[in-house]
Structures are given as structure tokens and as C-alpha cells.
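Please look over the sequence and structure shown below, and then read the report on selected parts of the model that follows.

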Amino acid sequence: VLTQGGGRGSAPGQALWCPKILLGPENRRLVQVDPSNYRIQVYDLTGRETETLDRVVSDIRFPATQKPDHVVLTLGADPDRNRRVTWRTDVATVGSEAMVLKISSEDDTSNVDWNSPAVRKLAGSSVEYYGNLGSFRSHELEVGDLESGAQYAYRVGSWSEQGWSETRFIRMAPQPEEQLKVVVLGDSRNRMDVWSHIVNSSAEQEPAFIINTGDLVANGYDMMDWDSWFKEARLVFDRIPLMPCLGNHERQSPIYFLSFALPTNGPDGLKEQCYSFDYGPAHWVVLNTEVDLEEQAKWLEEDLANVSKPWIFAFFHRPAYAGHPSRGDGNTDVRSAWSGLFEREGVDIAWQGHDHYYFRTKPIRDLEVVEPGSGPIYVTTGGAGAPLYPIQENRYAEIAESVDHYCVMTLTQRRCEVAVFRADGSLLDQFSLQPRRPDEVPEQAE
């Protein structure tokens, strides 16, 4: 039961939501309050009926203005040299420009000279969208010719005094083919205090990019959910690229596609929902478990047949193998559509979300546990803010724990090291792999 009131600490005209708890069915008793957004979330701790019990009440909105917000980097057409950037403004702000300046690590980054003749000026495009909180304009452009190991200052906006964002920064990974660090996390959708802590803690690892395995927000059509999500990550994704997956809670919302500029090399009708790219010593594949799995399987087979990298990693939302008590050992439709391809084509890790815990399998092939290197492993990472689920081990499980967490993957041509950290900073899991495609390792890396 929620009652509305202006209790101690409230300002005139400011509504505070004061939760009262009625104990009903077992464990149905947690209310989480995020005071910065006046957000209240109610969860079923058994993991059942979370969709119907999940309620978000907010009295604060972040309306679009002339000044850009929701600034996000993604990897560009050539991840070694390009970055895409998207942002939001009010609909009256039609300019989609960026200014970019290469800087040295010794520069005073708080005093970038935007009048320098070395500044590059770029133009992009925009589109207007009308959502549940009104209309806004989404902007997008691509920055090319960036150098490995270099650092750049940039700002986006329009050619007016109040139309520019704050100065932001791009740091290109030095020699990504030799060593690359990537963060993987998922299911950030509800507890904004947890999401804030997880995303900002993971950014301290200074990864080349971050992958989210889906369910970024509770309701992909609700702009308040996106506003809160972006607010907590505002100091991260404007400098560290994000490469997300679609989850069921995104609901194929246009806001998702307007917020992130993603590769368009997926099958017809599934552009930016399903995509792949090469970066560093790996081939990265993102899939969408919420739409036609078989159509993606046809594309996936062709995509994986042309890989020349030693490592292959797949990312998607609903898990093929997992340990949720009410879902058996995974989603058989996902397993049937894709796991055979993962096994045959040398996928090393299939990263999954949807179930709100950490779960790592042993190597699997043809539904059986096999020797290391004989099949992919499956890692479910769903602990970036969504309400945690109960978990049970099964015959596929190597390790399982219901806890908020994130994963850090460090790659060389010959070795993959994965470290998983709980929200309190303690080490949850650590493991290493050698590539299942050793023939693709360059001779100089032997």
C-alpha cells in the first residue's frame, strides 16, 4: 500500500511517496526507495509475478531542453577508428553538430580551447519523436579517423551559446589487438541506486566498451524510466561506448533505437536488433531473443562462417542455459535455435541476461557437459539493478550466486581472463580460457 504525503523534509508543492508494507504471501515484502528520483519499486522476492508487481512511481521528470542530455557513445563502423554519438534535445533544437579536438594526457581538460584551428567540426542528423512525456529530438553523428591510444575532447549540440553539451572525452584503446578489456553486465532496470553503483564501479575498470545483455529499463516506452537510467549513467556512456542487447522490457520501443546508434549489418527487418562487429582479437555478436530466432539463426550461420578472429563471443537476453527454479535449466527455444551454431562455429562464451543472478556453466555440447575447449560456456549476468531472483544449481552449473554484480573480460590473442565482482567489490568468480579456434591465432601471438 502506498500513501502520498508531504512528510518531514518535503518542500512546498513537492509530493513525497511514503510506503507502507502489508505482509502477504511469503517474501512479498520489499519496497525500495530511490530518494533522488522519488521512485518506489515493489518486488516479489520469490522471482514470480515480477512483471505485475513491478510498479514505478515518480514525481520528477527530466524534460528535454536546448542543452543536450542522454549523450551516449557506441562503436562506429570501424571500431578501431570510429565512434558514434547520440543525444537528446527539445524539438525546437534542430542542429546536430559536434566539435572534436585531439588532446594529450597532460592537457588541462577543463580548459579546452574550442576556438583552436585544430578543432574538427562535424554535422549529423536528427529525428523528432513523441513519447509518453511529450516530444523530443534525437540526434546522431559519427566521428571517424580516431587514433589508437589517443584521447579526444568533444562536445555536441547546435551553434548557439546555450546549445552545447559539457566537454566530454573519448579515450581510444591502445593497441586493442594485443590486449582489450570489456565490461559485461545486464538487467539494470529497476533499482536505480544499484544501477548507479554498478555502472559507475564498472567504469573504474576503464574498459574499451561495455555490453548490457538487455532489460536496460523496466518499460522501454516510459521516458521516466529512461530519464532515470541515463541520469545514473551520465558520467559513463559519454566516454565509454555502450553496445546493448534488446531485452523483453525494452518492448521493441523506438526510444531504444533512437538512444543508441548500432551496427546495421543484421538481417533485413532486424537492423540494430541483431548485429556483429570485429574489435581487438574477437568477433562480437549481439542477438535478440524477443523476435524471430530462426531468421537470426540463418544470418548467424553465415556471419560465424566468415570469422577470422581467434575469439567469438555471443550476447543475448533470455538464457539458453540457466538455473531459475521456475524455468528448468534454460530456454529451450533459444537453445534449439542457436546453441548448435555456437558449438560448431567455435563460440567461446555465450553471455546471457534475463535471470537476475550470476550463473556460469561448464562447457556444453549436445546438451552434455564436455571437456574444456570442446564447447562454449554460458554466463548469465543479470545483476545490475533488477530485483534479484532465487537460483538453483543444476548439472550444467559451475558456479551460481544471486547477487548484484558485473563482469570484466580481459583479452589477448591467446587468453581470456574473466573476473566477476559483487557490488561490494569482492571477487565472486574468476576463470580463464584459451580460444576454441586456435588456427585463427596469428603466428606472432603464439
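Contact here means heavy atoms within 4.5 Å. This is a predicted model, in which local features need pLDDT of at least 70 and side-chain atom pairs count only at pLDDT 80 or more, while totals for chains, interfaces and linings use all residues. Residues are numbered from 1 along each chain as its sequence is written, and side-chain values use heavy atoms, with hydrogens and water left out.

Leaving aside neighbours within four places in sequence, D355 is in contact with P319, A322, H324, R327, T380, G382 and Y389. The C-alpha atoms of D355 and T380 are separated by 7.1 Å, although these residues are 25 apart along the chain. T89, with residues up to four places away in sequence not counted, touches A64, T65, Q66, P68, F136, R137 and H139.

Both residues also take part in side-chain polar contacts (pairs of N or O atoms within 3.5 Å, where, within protein, one must be able to donate a hydrogen and the other to accept it, and residues adjacent in sequence count only if both atoms are side-chain atoms).

| Side chains joined | Polar contact |
|---|---|
| D355 and R327 | 2.2 Å |
| T89 and H139 | 2.7 Å |

D355 is called buried because its relative accessible area is 2%, and T89 is likewise buried, with a relative accessible area of 1%; buried means under 20% relative accessible area, computed with a 1.4 Å probe on protein chains only.

How values were computed:
Buried < 20%, exposed > 50% of the residue type's maximum accessible area, 1.4 Å probe, protein only.
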